[in-house]
Amino acid sequence: MSLTLLVIIVVAGIAAVVIAVHLTGGSARAQLDGQEAARKRFAEDFPDLVPASVWLTKDRCAAILDLNGGRIGIVHALGGKFLTRLVTADDLVGTPRANDAIVRVRLRDFTWRGGVLAFDDVEDARAVEATFAALRKAALWEKS
């Protein structure tokens with residue numbers, strides 16, 4: 001068998017597997033059905049923490065949870081699964097700012113550096129911005 005033919009067979013096989021996974025739903029991104037779904041998903045990893053407020057992103061692939069204790073919870077889709085994490089002021093790189101209905105979050109965590117979170121309306125984005133700002137402000141008071 002020639003090398004050219006072998007390369008063609010391997011490339012065609014890989015392409016067929018990728019297409020089959022995509023067509024059977026394997027590449028679909030996980031979505032939250034609502035605030036209660038975000039609360040339940042977060043509670044699976046952190047059962048002792050009860051969020052005071054929950055804000056879902058427009059695409060329903062992420063949620064920000066206000067935990068009222070110097071921490072914020074994040075539920076974020078990674079492929080067909082969800083990651084949950086606790087964020088403290090020390091985890092933030094700067095204070096997230098809202099621009100229209102979009103909030104940009106930057107984290108020091110190497111597993112997820114943050115991202116752009118688009119919300120349904122400006123009020124939700126401003127509420128998330130205020131929650132992150134309160135987290136930073138509380139941390140500054142604790143250090144003083």
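This is a predicted model: local features need pLDDT of at least 70, side-chain atom pairs count only at pLDDT 80 or more; totals for chains, interfaces and linings use all residues.
**Arg85 and its partner**

I checked what the Arg85 side chain meets. It forms a salt bridge with Asp109, at 2.4 Å from N to O. Arg85 sits in strand 4 (residues 81-87) and Asp109 in the loop between strand 6 and strand 7 (114-118), so the pair ties together parts 24 residues apart in sequence. I then looked at Asp109, which counts as partly exposed because its relative accessibility is 28%.

**Glu129, with two partners**

I counted 6 salt bridges in the model. Two of the entries I opened involve Glu129: one with Arg97, one with Arg126. Glu129 is buried, with a relative accessible area of 14%.

The bridge to Arg97 spans 3.9 Å, N to O. This pair links distant parts of the chain, with Glu129 in helix 3 and Arg97 in strand 5 (residues 97-99), 32 residues apart. Arg97 is exposed, at 52%.

For Arg126, the closest N and O atoms are 3.6 Å from those of Glu129. Both residues lie in helix 3, 3 residues apart, so about one helical turn separates them. Arg126 is partly exposed, at 40% relative accessible area. I also noted a network in which shared partners join Arg41, Glu44 and Asp45.

**Cores**

Which residues have the most contacts inside the largest nonpolar core? I listed Ile64, Leu92, Val103, Val105, Phe119, Val128 and Phe132, within a core of 19 residues. Strand 2, strand 3 (72-78), strand 6 (102-106) and helix 3 (122-143) each give two or more residues to this core. Helix 3 gives the most, with 4 residues.

Setting aside neighbours within four places in sequence, Phe132 is in contact with Ile64, Ile72, Val87, Leu92, Pro96 and Val105. A second, separate core has 14 residues, among them Phe42, Cys61, Val75 and Phe82.

**Hairpin**

I turned to strand 1 (residues 53-56) and strand 2 (residues 62-66). They pair in the antiparallel sense over 4 bridges. Val54 stands opposite Leu65 in strand 2. The two strands form a hairpin with 5 residues between them. In the turn, Arg60 has a positive phi of about 65°.

**Confidence**

How high is the mean pLDDT of the protein? I read 87, with 93% of residues at 70 or more. Among the elements, strand 2 has the highest mean pLDDT (95) and helix 3 the lowest (80).

Note on methods:
Residues are numbered from 1 along each chain as its sequence is written. Side-chain values use heavy atoms; hydrogens and water are left out. Two strands pair if DSSP finds at least two bridges between them. A nonpolar core is a set of buried Ala, Val, Leu, Ile, Met, Phe, Trp, Tyr and Cys residues joined through side-chain atoms within 4.5 Å. Buried means under 20% relative accessible area, exposed over 50%, partly exposed in between (1.4 Å probe, protein chains only). Contact means heavy atoms within 4.5 Å. pLDDT is the predictor's confidence in each residue, from 0 to 100. A salt bridge is a side-chain nitrogen of Lys or Arg within 4 Å of a carboxyl oxygen of Asp or Glu.
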